[in-house]
Amino acid sequence: MTEEPRISRRTVLRGAGALAAAPLMAQVLAAEAAAAQAPPQPGPRIDRRAVVSRHPIVRYTSDRELPVQVGNGRFAFGADVTGLQTFVPFSTLSDWGWHSDALPPGKTVADYKGTVWDTYGRPVYYWTGDKNEPELHNWLRGNPHRINLGRIGLHLLRADGTEATEADLTDTVQRLDTWTGLLHSSFRLDGHPVTVETSCHPGIDAVGVRITSPLVALGRLTVFLDFPYATAAGQDKFSAPYVGFWDRPQAHTTTLSSRGAAGAVIMHVLDETEYQVALAFTAGATVTREDPARHRYRITGGRSERLDLTCHFAPEVDRAAPPAAEVSAQSASWWPRFWHTGGAVDLSGSSDPRWRELERRIVLSQYHLAVNEAGNEPPQESGLVNNGWYGKFHMEMYWWHAAHYALWDRWPLLDRSTDIYSRFLPRARQLAAEQGFRGARWPKMTTAVGDATGRESPNVPTALLLWQQPHPIFLAELDYQAHPTRRTLLKWQTVIFESAEFMASFAHDDGTGRYVLGPPLMCANERNPAGATTNPTFELSYWRFGLRIAQQWRERLGLGRDARWDDVLTRLAPLPVQDGRYVLYEGVPDMWTRFNTNHPDPVAPYGMLPGDGVDVETMRATTAKVYETWPVTDLYSWDFPLLAMNAARLGDPVRAVDFLLHERLGFTDTGLPASGKKGVPSPYFPAAGGLLYAVAMMCAGWGDSPDVPGGAAGADGTAPGFPEGWVVRWEGLAPAL
């Protein structure tokens, strides 16, 4: 097989930086255009359409738990087998659609004080609970929360005039064309054919629906649009798969107003939240409210067998909704550009029969992440599918959701949300100062909504977690490796320096000549006693990495090294070792029988991270002990890509591939990643993001990766994370740090 040339990342992105001040859609389209017009590379290229088309999403019945989706990264619509939400009330979710319940009577956010924890001999309040404010604690956890913007479905009548169910449909088939983003659904009712095409506009939050059936002209097929109330009150944080209360019409209002013969606008008001839906429909169709006591509207076609409908959701609609044909055309134009730019991997030449499943996971993960996780805010764990964690995102998981975009050269998508650190900076500085530290302390579980922007959600793991602190430094360094310019340095300078300042401030001189971390702190695996934990292995390595890179940025900017940061770097406690192996934290008892649960933190410094402070042979012994003792049933799904990265760095590509195909790393028939944990809602997108990061790393290598010639051949003759039996053709990928 002819080897592929590496495609220059810098060529692809040369014009992207100059567009930072342009409107979002203009930035994305311009960057994609620049990529498409890049000078042709010598040698054969991967047939990207062939790779993508090998892995269609096909269904014949509805899944009651997980939808098929169309979306644009900021907005997503989940469909059942009819292409709409006819029989299953899946969600329509967005970046901007949020709601808050009223505060408990007589309470303000300032009433919540938290709990005092001894912090290096100082009493410090953390938002880990407040025995005087249990009701306010629950309110702060659940508010604000993401809302379901509306349900769009078919109202189907049998020949006798009764309402049809899914069991009445025959010849049902649904196919999502991931190359174009178009969802095609077809079935028969009483022998009459029905075809439905569903699409999402890439630039605005609009769903386009194109229906063809004799049932339209017969009046037996209409479309409904229904609006629920928000679901936070009394909601469990893992509420899934449906979002919204449909039995509380008195709690909210909707108002219909006409906008010409083929359009209308519906205003939806839920307490302080309000938004609009602009409708565009086929000439001759009508929209009516079914019942004044309900928030359900009916779109009825005319004499034609065709009914087109666009629903454009926005806080305030400032334009007429585009026709459904335009939404479809925009989708069919945007998605091929997406697939033609960025990285690509072709595994079809491999002799290992598992190549097809791994390639399917790679392709469909790219689609689902672009639909759910390319918005203006970091995504929550289950993306825009359901309302797990009240729809809030977790800053410690931002790396797992977003870092893959850097290695796959999809910076226009990643750049949509990386300014979250600048937006959070005032609140992060305030949080650090309130706790007696310098710099900025980034929250864990939070939102970017109004007064709640960057506000922490209280709980023990939430308020005491640390490993999100160096994330912006890691992301910034990925940015600089792709775009080594002064502009990049200035873009991240303040965020990096404020992050490093907190890290240096949090490290405590314990009087023995060394700096220590904690207590109190919560390790990444969230299974340690927070008030008695010092020097966790993963966080110590990440502290070293973060301060090392921050000093490099000072030098790149001509500022000289910060003496205090260097003091901490020099005297930071070593990674804790027991019996020749790294352990969860210093002095942990019964490490391999009691604390070998949840995420395998001890391997993370030489997997996700490049190994600051790591002795490779000690890490090798640690990894072997993890394999021997860690219950695989206790792992989250993103732990498998983590283990794959660690195996790759340790020169064990067989295990690296095995982890990415592990039966506990479940990917559904539609390519959605399962959570792997009982009670945690699926999909669980950190697994998909982690898989893509690991694959890029295994193809393009990492900072000190070896060149491994042979059967695993990439653009430069190497793919160091793949073993013999795998022929890996790749292009447009960047090495990991």
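Predicted model: local features only at pLDDT ≥ 70, side-chain atom pairs only at ≥ 80, totals over all residues.
Which residues in helix 7 meet which residues in helix 20?

Residues are numbered from 1 along each chain as its sequence is written, and side-chain values use heavy atoms, with hydrogens and water left out.

**Exercise 1. Describe the packing of helix 7 against helix 20.**

Solution. Begin with the contact, where contact means heavy atoms within 4.5 Å: Leu-358, Arg-361, Ile-362, Ser-365, Gln-366 and Leu-369 of helix 7 meet Ala-688, Gly-689, Leu-691, Leu-692 and Val-695 of helix 20. By class, this contact has seven nonpolar, three polar and one charged residues (Ala, Val, Leu, Ile, Met, Phe, Trp, Tyr, Cys and Pro count as nonpolar, Asp, Glu, Lys and Arg as charged, and the others, Gly among them, as polar). Helices (H or I, at least four residues) and strands (E, at least two) are DSSP runs numbered from the N terminus, and helix 20 covers residues 686-700. Next comes the geometry, for which axes are lines fitted to C-alpha atoms, for helices over the stretch in contact, and angles run from 0 to 180 degrees between N-to-C directions. Helix 7 and helix 20 pack at an angle of about 120°, with their axes 9 Å apart, which makes helix 7 oblique to helix 20 (angles under 35 degrees count as roughly parallel, over 145 as roughly antiparallel, 65 to 115 as roughly perpendicular and the rest as oblique). Helix 7 passes helix 20 in a left-handed crossing (left-handed if the near helix is turned anticlockwise from the far one by less than a right angle, right-handed if clockwise).

**Exercise 2. Describe the packing of helix 6 against helix 7.**

Solution. Helix 6 (residues 324-340) and helix 7 (residues 355-372) pack at an angle of about 125°, their axes lying 12 Å apart, and helix 6 is therefore oblique to helix 7. The crossing of these two helices is right-handed. Trp-335, Phe-338 and Trp-339 of helix 6 make the contact with Val-363, Gln-366, Tyr-367, Ala-370 and Val-371 of helix 7; seven of the contact residues are nonpolar, one is polar and none is charged.

**Exercise 3. Identify what lines the second largest cavity.**

Solution. A cavity is, on a 1 Å grid over the protein atoms alone, a set of points where a 1.4 Å probe fits but cannot get out, and lining residues have an atom within 4 Å of a point.

**Exercise 4. Determine how helix 10 and helix 13 are oriented.**

Solution. Helix 10 (residues 420-434) and helix 13 (residues 486-506) pack at about 25°, with axes 11 Å apart, so helix 10 is roughly parallel to helix 13. Helix 10 passes helix 13 in a left-handed crossing.

Methods: 1 Å grid on protein atoms, 1.4 Å probe; cavity = no way out; pocket = protein on both sides within 12 Å on 5 of 7 lines; lining within 4 Å.
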